[in-house]
Amino acid sequence: MTDADRPASPAPGAPLRLVDVQAAVDAELDRIGPVIDELGALFTEAGHELALVGGPVRDAMLGRRSNDLDFTTSARPEQMDKLLRAWGDAWWDMGRDFGTIGCRKGDWVVEVTTYRSEAYDPDSRKPEVQYGDSLAGDLGRRDFTVNAMAVRLPGRELEDPYGGLIDLAHRVIRTPGTPEQSFSDDPLRMMRAARFAAQLGFSVDPSVVRAMTEMADRIQIISAERVRDELVKLICAPHPRLGLSLLVETGLADRVLPELPALKLERDEHHRHKDVYEHTLTVLEQAIDLEPRLAERGDIAPGPDFVSRFAALMHDVGKPRTRRFVDDGTVTFHHHDVVGAKLTRKRMKALKFSNDEIDAVSDLVELHLRFHGYGSGEWTDSAVRRYVRDAGDQLERLHVLTRADCTTRNRKKAERLRRTYDDLEARIDRLSAEEELASIRPDLDGNQIMEILGIPPGREVGQAYQFLLELRLDNGPMSEEDATAALKEWWASR
């Protein structure tokens with residue numbers, strides 16, 4: 001089960017009752033009992049300690065179920081290797097350098113890690129792995145108190161030396177030791193604090209916020225890939241506004257996503273009472289509300305969709321570069337869609353996203369204003385075809401982004417925009433049914449072009465192909481006879 005399959009966290013700030021937490025833990029331990037009890041007995045008989053630790057314990061207290069279980073042990077990797085090979089159905093050791101051995105048994109995925117700590121040299125991007133010798137020591141080196149709880153096995157005794165249970169009930173994120181020491185050990189934990197706020201709806205302790213602010217520069221020693229992964233998890237969380245606001249407040253966003261805080265300096269040209277930063281976060285939340293459309297109408301799996309969410313977050317990042325003051329006191333941001341797409345592509349490359357993700361998000365940013373040329377339905381069928389062609393396989397996400405981008409408080413205007421976009425989608429559906437818009441091609445292919453014009457492969461074939469494509473977009477489907485005549489006329493006019 002993924003995070004998306006789990007029950008949503010309670011609303012941010014809602015307290016939890018300890019009696020409910022205890023009941024949730026008991027129920028989850030009974031559910032996973034066959035696995036944890038068997039593994040606990042296996043390690044104990046071999047002379048090692050074993051405990052369920054971290055996320056699975058925290059999630060059990062929140063009533064969230066998963067078949068992915070994390071354990072910590074006094075055993076060293078070579079000792080775990082023998083035990084898990086004999087116990088599991090499949091086995092892997094990609095994390096051996098970090099003291100982790102994994103295996104699968106039935107529907108359960110298990111990872112066991114030797115008691116350890118991870119620390120950074122001042123200029124290092126890679127953690128130094130040090131093995132520990134006690135469960136208490138291992139828990140003290142973990143990122144936050146709600147992740148520094150364990151259940152000793154096979155006896156099922158709760159170990160909570162840093163008050164994680166109380167913090168979880170109060171829905172607050174704190175560090176086991178001082179936040180300064182925790183973030184020195186691993187600066188990525190500053191982003192993880194924002195990510196957990198977004199995932200769990202928790203508040204962050206003021207001392208943690210203060211340390212994040214003072215140590216924000218430290219994030220720059222972390223690899224772009226690790227920063228990217230945390231950012232993706234944050235944006236795909238149930239409450240991304242909480243995490244993003246914390247990144248901006250502490251200055252971390254200035255180091256990892258500077259385009260976002262830059263929006264706080266601008267004002268929206270249509271709603272001058274509202275800055276672009278707040279507008280952007282609202283668009284993100286409205287895009288999240290519209291996500292079910294992607295599974296209903298497109299080929300996108302249900303659950304959080306990073307591409308549509310990140311496009312919503314980045315759609316106006318071109319505004320700071322394109323702001324212009326007009327004599328009448330208004331502000332314009334002409335071509336911010338094109339500039340924003342370039343900035344988005346540059347930022348995503350720096351964060352080491354895949355080319356497919358970069359292309360998808362950047363295209364959405366560049367296209368997000370296109371609908372506003374539709375007016376009250378003045379587009380010709382040719383313009384509708386071009387809209388579909390330019391959106392390509394991102395059409396459903398473009399529908400979501402365009403609808404989410406309406407944040408006006410004027411109900412009549414919002415309703416008018418909604419009806420207008422409903423009309424555009426209906427026209428797209430009608431033309432798609434008639435003409436297979438998603439796969440628009442000229443009415444003649446390259447081989448036919450070369451045969452009709454008597455020319456070899458080369459640039460002229462591509463020019464002829466483009467002419468026929470534009471003709472197809474303008475006029476809709478043509479017969480082979482009419483397309484041939486048009487091609488010959490175009491060729492003669494050259």
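Predicted model: local features only at pLDDT ≥ 70, side-chain atom pairs only at ≥ 80, totals over all residues.
Local features require pLDDT of at least 70 and side-chain atom pairs count only at pLDDT 80 or more, while totals for chains, interfaces and linings use all residues. Residues are numbered from 1 along each chain as its sequence is written, and side-chain values use heavy atoms, with hydrogens and water left out.

I begin with the cores. A nonpolar core is a set of buried Ala, Val, Leu, Ile, Met, Phe, Trp, Tyr and Cys residues joined through side-chain atoms within 4.5 Å; buried means under 20% relative accessible area, with a 1.4 Å probe and protein chains only. The largest such core has 111 residues, of which F71 and F310 touch the most other members. Helix α8, residues 188-200, supplies the largest share of this core, nine residues; helices are DSSP runs of H or I, at least four residues, numbered from the N terminus. Another core, of 13 residues, lies apart from it and includes L444 and V461.

Next, the helix pair. The axes of α10 (residues 224-235) and α16 (residues 306-314) come within 10 Å and cross at roughly 90°, axes being lines fitted to C-alpha atoms over the stretch in contact, with angles from 0 to 180 degrees between N-to-C directions. In contact, meaning heavy atoms within 4.5 Å, L231, V232 and I235 of α10 meet F306, R309, F310 and L313 of α16.

Finally, S66 lies in the loop between α3 (55-61) and β2 (68-73), strands being DSSP runs of E, at least two residues. S66 is buried, at 8% relative accessible area. A polar atom of the S66 side chain lies 3.0 Å from the backbone nitrogen of D68.

Conventions. Buried < 20%, exposed > 50% of the residue type's maximum accessible area, 1.4 Å probe, protein only. Polar contact = N/O pair within 3.5 Å; in protein donor to acceptor, adjacent residues only side chain to side chain.
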